[in-house]
Amino acid sequence: MKKLLLLLVLLTSLFSAELGWQDDYTQALLDAKKEKKLVYTLITSATCGWCQKFKNTTLQDNKVIQRLEKEFITVQLVRDFDNIPEHFETSPVPRHYFTDSNGVILYNSLGHRDEDTFQAFMDNAQEKFEINKEKENKGKQ
């Protein structure tokens, strides 16, 4: 069992290199502020079959990859090993959190999703961000 767990962790690490995944949420927020991007956090488990399916299908789609790279700082947190912010639920997985650079959750969801549905998740996060920004600007007037 330990060998299987180690193998899954290594596979996760190899996968994580493709999109430039971070494993430090706090650093991701700082990078998002600097790069003026949103943060996409994927919470997985070392033994989650649906997590692997999501990574091997949706996160292999070129359009999804390009959009994530352009618009988001990506963070993958493995609930078995990583420090996860308290305001994020960790069970069941996979969990998807889209936040602004202040850590405000714009959109979240649970489970494996196909490419089109995941694109809609990103749209929802961007829309919520724009709405929040408009409200903030109106409040300053």
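Which residue in β2 does Leu-38 stand opposite? In this predicted model, Leu-38 stands opposite Phe-72. Leu-38 belongs to strand β1, which covers residues 38–44. Strands β1 and β2 run parallel. Seven bridges join them.

Strand β2 spans residues 72–78 and is mostly covered. Seven of its seven residues are buried. Both faces of the strand are covered. Phe-72, Thr-74, Gln-76 and Val-78 lie on one side. Ile-73, Val-75 and Leu-77 lie on the other.

Ala-28 lies in helix α2, which runs from residue 25 to residue 35. Ala-28 and Val-75 are 47 residues apart along the chain.

Helix α4 comprises residues 62–71. Its buried residues are Val-64, Ile-65, Arg-67 and Leu-68. In an α-helix, residues three or four places apart point the same way, because there are 3.6 residues a turn. The N-terminal end of α4 is capped by Asp-61. A side-chain oxygen of Asp-61 lies 3.1 Å from the backbone nitrogen of Lys-63.

Note on methods: Residues numbered from 1 in each chain as written. Predicted model: local features only at pLDDT ≥ 70, side-chain atom pairs only at ≥ 80, totals over all residues. Heavy atoms only, no water. Helix = DSSP H or I, 4+ residues; strand = E, 2+ residues; numbered from the N terminus. Buried < 20%, exposed > 50% of the residue type's maximum accessible area, 1.4 Å probe, protein only. Pairing = 2+ DSSP bridges. Polar contact = N/O pair within 3.5 Å; in protein donor to acceptor, adjacent residues only side chain to side chain.
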